[in-house]
Amino acid sequence: MKIAKNTVVTVNYKLSDAQNNLIEDGSQPMVYLHGGYENTLPKIEEELDGKEVGYSSTIQIEPDDAFGDYDPALVKVEPRNRLPEPLEVGMQFEGMPDSTDGDDEAMIFTVTDIADDKVVLDGNHPLAGMALRFELSVIDVRAATEEEIQHEHVHGAHGHHHGDDEGDAGDEFRSHPVH
């Protein structure tokens, strides 16, 4: 079966930066609903469209087509007493960006530095500003179920589970918002 709109695609992958430094080894395959449902990066869908099981490729995706350029305006310093304890680098919090238009949506900020009474929070995606190299290998393609098409994502193994409160491991490189 060829990869086309409303097919479920299972892909083994490795993710590296443009200098081939490994970012993620893809220990779990990526499984997504193909067809513009924002379940993976559009350039990955473009590369795999029309391909079949056994297809392998390495593609490089520039920041504009991945997680955008790094925006220094999304870095802010907050008083430590505004955040819960214990506090450590790598923790994430939902917050509002500093802007004047008031139309902003809440976003995820990551603690990147802690000094005495100040905390540095970064609202950029961890891969923002990076060109990404994906080694892709298609291992399965199947027709999506009506329910998957209606919900616009994969159900079952490596997919979304309704009523399951645990996050799906390996979802951090998909283009849907972080929960």
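A search of the whole structure, which is a predicted model, finds zero aromatic pairs. In general, such a pair of rings would be described by the distance of the centres and the angle of the planes. Two examples are listed in the table.

| Charged residue | Ring | Distance to ring centre |
|---|---|---|
| Lys51 | Tyr55 | 5.1 Å |
| Lys76 | Phe109 | 4.6 Å |

**Strands S1 and S3**

Strand S1 comprises residues 7-17 and is joined to S3 by four bridges; the two strands run antiparallel. Within this pairing, Val11 has Met30 in S3 as its bridge partner.

How are the faces of strand S3 covered? Strand S3 spans residues 30-33, with Met30 and Tyr32 on one side and Val31 and Leu33 on the other; all of these residues are buried, and both faces are therefore covered. In a regular strand, the side chains alternate between the two faces of the sheet.

Thr7 belongs to strand S1. Is this residue buried or exposed? Thr7 has a relative accessible area of 5% and is therefore buried, because the term applies under 20%. Beyond the residues up to four places away in sequence, Thr7 touches Met1, Lys2, Tyr32, Leu33, His34, Val141, Arg142 and Ala144. Two of the residues named here, Tyr32 and Leu33, also belong to the buried set of strand S3.

**The four-stranded sheet**

Four strands form an open sheet with antiparallel pairing, in the order S5-S8-S7-S6. Its edges are strand S5 (75-79) and strand S6 (92-95), each of which pairs on one side only. On average, neighbouring strands of this sheet are turned by 40° against each other, direction ignored.

Inside this order, strand S7 (residues 107-115) and strand S8 (residues 118-122) run antiparallel and are joined by five bridges. Asp113, for instance, has Val120 in S8 as its bridge partner.

Which residues does Val77 contact, leaving aside its neighbours within four places in sequence? They are Lys118, Val119 and Val120. Val77 and Val119 are 42 residues apart in sequence, yet their C-alpha atoms are 5.5 Å apart in space.

Conventions
Residues numbered from 1 in each chain as written. Predicted model: local features only at pLDDT ≥ 70, side-chain atom pairs only at ≥ 80, totals over all residues. Heavy atoms only, no water. Buried < 20%, exposed > 50% of the residue type's maximum accessible area, 1.4 Å probe, protein only. Pairing = 2+ DSSP bridges. Phe/Tyr/Trp six-rings, centres within 6.5 Å; stacked < 30°, edge-to-face > 60°. Lys NZ or Arg CZ within 6 Å of the ring centre and 35° of its normal. Contact = heavy atoms within 4.5 Å. Axes fitted to C-alpha atoms, helices over the stretch in contact; angles between N-to-C directions.
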